[in-house]
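Hello,

Here is the structure we talked about handing over. Please open it first, then read the notes below.

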Amino acid sequence: MDKNKTNQIITFSDVSIGYGRKIVLSNLNLSIENNDFIGLVGPNGAGKTTFLRTLLGNIKPLSGTIEKNNLVFGYVPQRDVVQPLLPYTVHDVVMMGRYSLLGLFKTPGKSDEQIVMKSLRRVGIENLKTMNYNSLSGGQRQRVLIARALAVQPDVLILDEPTNGLDTPSHYSVLNLVAELHDESHLAVLIVSHLLSDVANLVKKIILFEAGNFQFGLTEEILSEANLAKTYSANIEVKKLGGEFLITSKHRS
Amino acid sequence: METINLLIELFPYAIFGSIVAGIICSFLGVFVVSQRVVFLGAALTQAAIAGVAFSFLHLLNLEQILANLFGIQSIDDSFLHHFEHTFFSLLFALIAVLIFSQSYRQKFLTTDGLLGIIFVVAIAIRIIFIQKSPIAEVAEIESILKGDILFIGSQEFYTLFVILVIIGLIFSLFSKQLKFVTFDADTASAHGINARFWLLVFYFTVGIGISLTTRFVGDVFTFAFLILPASIAILLAKRILNVFLYSVIIGGLVPPVAIYIAFQLDISSGPTAVVVVFIIFLIVYAIKKLSK
C-alpha cells in the first residue's frame, strides 16, 4: 500500500461546497494527513468558513465525497461568538467538550473529570477552573476554548481565528500553545487566520482560498508574492528574516 | 394574617397556580434572557393570544370531535370547553417557534427581524380574529386575552403543574445538550451534537411554557416574568445554579405577594405582580451599580 495513502485521514474527492444553489468552491481534491499542520488563509468571503463547516459536517457538500473515517474534531470557535451572560465557570465550559461523547442521558463521570483536568493542565489554566469564564481576559478565554476542544480528545484540532483581538503577549502565547499541541501530541491542526505572517511561521502547509478557487501545498510554495498579489488584489511583499516569514503590504515609497 | 387566610380560602388555586406560572416563566426566562432572545417571549405571547382568538372563530369544533372520540358530553365537561382555547394557543405558539427556528444559520433575516415579523403579524391576525368572532363572545375573549391570576381554577392549576413537571423533566434529562447548544451552538454542532434539533427542542419547550401561561395568566404577566426574575438573578448570582435558584424563587414568591397587595389595594393582581418584580429589579440594579 502507498505509504502516503496510509497517513491520509481526510480526503476530499471532487467536492463542491456552498449554500443552497450557490457554489462557493468546486473541484476540491485534497488530502489531509495525520500529522498535518495546515493554515487556511484567504480574503473574506473566499470560502474558509464554508470549507470548515463542510469539513465539520455542519453543511453537506453540494457534490463529491469527503472521507473522514469517524475522526473526532476538536473545534475552537472565534472567541467573540461565545459571549455568555450566564456565569459559567471555566470547568463548566471545558466539561462541555465531553458532552458529545456521553450518551443521551449519561452524566459526566470520574474519567470525564480527569480528562477535563488534564485538558486544563495542558493549556496551563488549571488554577482558573473555578473562575467565571466571563471574568477572564481574552487570552485566558482562548485557552479555555482550546482546553474544551482538547477535552473531546480529538484527532484533528480546528481553530478559527484564535488570535483575533488579543494583545501581543497573549497573541504569541496562544500561537506557541497551538504549535506545542501539534508538536507534542502529534495532532493534525487546521488554523484559520487572516494574519499571513503568523500562519506562515506556524504551519507546514497552506490552503489559500480565493474567490471560487483554492491552492494547497507547502507554505513556501503557496505564499509567493505573485500568488498573494493575485489572491488579495494587492501588492504584497514576502520576506524571510532570520528564517521567519515577514509578509506585509507594499507601501508607496 | 386574617386576609391571608381569607385569600387562601377564596383563591387556593389562584395562589398556587400563580406560583407555578411564575416558576415556569422565571425558569425559562433564564435561557431566554441569556440567549438574548427576549423578544421571543413577546412574539410567543402574542402568537399564543392570536391562537386563543382563533379558537373563538369556531372553524374547527375540536370539543365536539374529542367529545365524540371519548364519548363525553361536551357541554357538561368544562375541560373540553376550555380545551379549544388552550389547544390553539399552543398550536399558534409552536408554529411561531417553527418559523423562528428557520433563523438558525441563515443570512437573509436577523433573529430580531424575524421575531418582529411574528410579533406584528400575530397582533394583526388577533385583531382580525376578534372582529370576526361572534359579538356575544367578544367580552369573554377580551377577558381571556387579558388573563387574570385570580381566575386560575383547579384545571388551570393542574395543567400548569403538569407543564412545570414536563419542562423540569426535559431540562433535567437533556441538560447537557441544552446547556451546550444554548451556550455555543456552533461548537456543539462541530462536536457532533445536533444543534439544530436541540435548539428546536429548547424553543418548543419555551413555546409550550409561554403559550399555556399566557392563556391562563395573560401576556403582560408572562412576558414580565420571563424577563425580570431572570435579569435580577443574573445580576445577583455568581454561579450558574444560583441564577436558576434566584430566578425561580423570585418568580414563585412574587405572585402570591402581589395577590395579597392587589387584594388590599383593590387593584388587578397581574399588573401588581409585574410592578412588584420591577421594584425588586430596580433595587437590585441600584445596589449592584452603587457597590461597583
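**Notes on the model**

Leaving aside residues up to four places away in sequence, Phe216(A) touches Leu30(A), Lys205(A) and Ile207(A). Contact here means that the C-beta atoms, placed from the backbone, lie within 7 Å.

This is a predicted model, in which local features need pLDDT of at least 70, side-chain atom pairs count only at pLDDT 80 or more, and totals for chains, interfaces and linings use all residues. Residues are numbered from 1 along each chain as its sequence is written, while chains are lettered from A and ligands numbered from 1 in the order in which they are written.

Back to Phe216(A). It lies in strand S9 of chain A. Helices (H or I, at least four residues) and strands (E, at least two) are DSSP runs, numbered from the N terminus. Phe216(A) is partly exposed, with 19 other C-beta atoms within 10 Å. The cut-offs are 20 or more for buried and 12 or fewer for exposed, with partly exposed in between; these C-beta atoms are also placed from the backbone. Asn29(A) is 187 residues away along the chain, yet its C-alpha atom is 9.5 Å from that of Phe216(A).

Next, the sheet. Six strands of chain A form an open sheet in the order S5-S6-S7-S3-S8-S9, with mixed pairing. Strands pair if DSSP finds at least two bridges between them. S5 and S9 (213-218) of chain A are at the edges with a single partner strand each, so one side of each has no neighbour in the sheet. Inside the sheet, S3 (37-41) and S8 (205-210) of chain A run parallel and are joined by four bridges. Gly39(A) stands opposite Ile206(A) in S8(A).

Now the interface. Here 20 residues of chain A are in contact with 21 residues of chain B. On the chain A side, strand S5 (73-76) and helix H3 (90-99) are the elements that give two or more residues. H3(A) gives the most, with three. By class, this side has 16 nonpolar, three polar and one charged residues. Nonpolar covers Ala, Val, Leu, Ile, Met, Phe, Trp, Tyr, Cys and Pro; charged covers Asp, Glu, Lys and Arg; the others, Gly among them, are polar.

Last, the core. The largest nonpolar core has 157 residues, and Ile191(A), Ala47(B) and Ala96(B) touch the most other members. Such a core is a set of buried Ala, Val, Leu, Ile, Met, Phe, Trp, Tyr and Cys residues joined through C-beta atoms within 7 Å. Helix H2 (12-34) of chain B gives the most to this core, with 14 residues.

Best wishes

Note on methods: Two residues are in contact if their C-beta atoms, placed from the backbone, lie within 7 Å.
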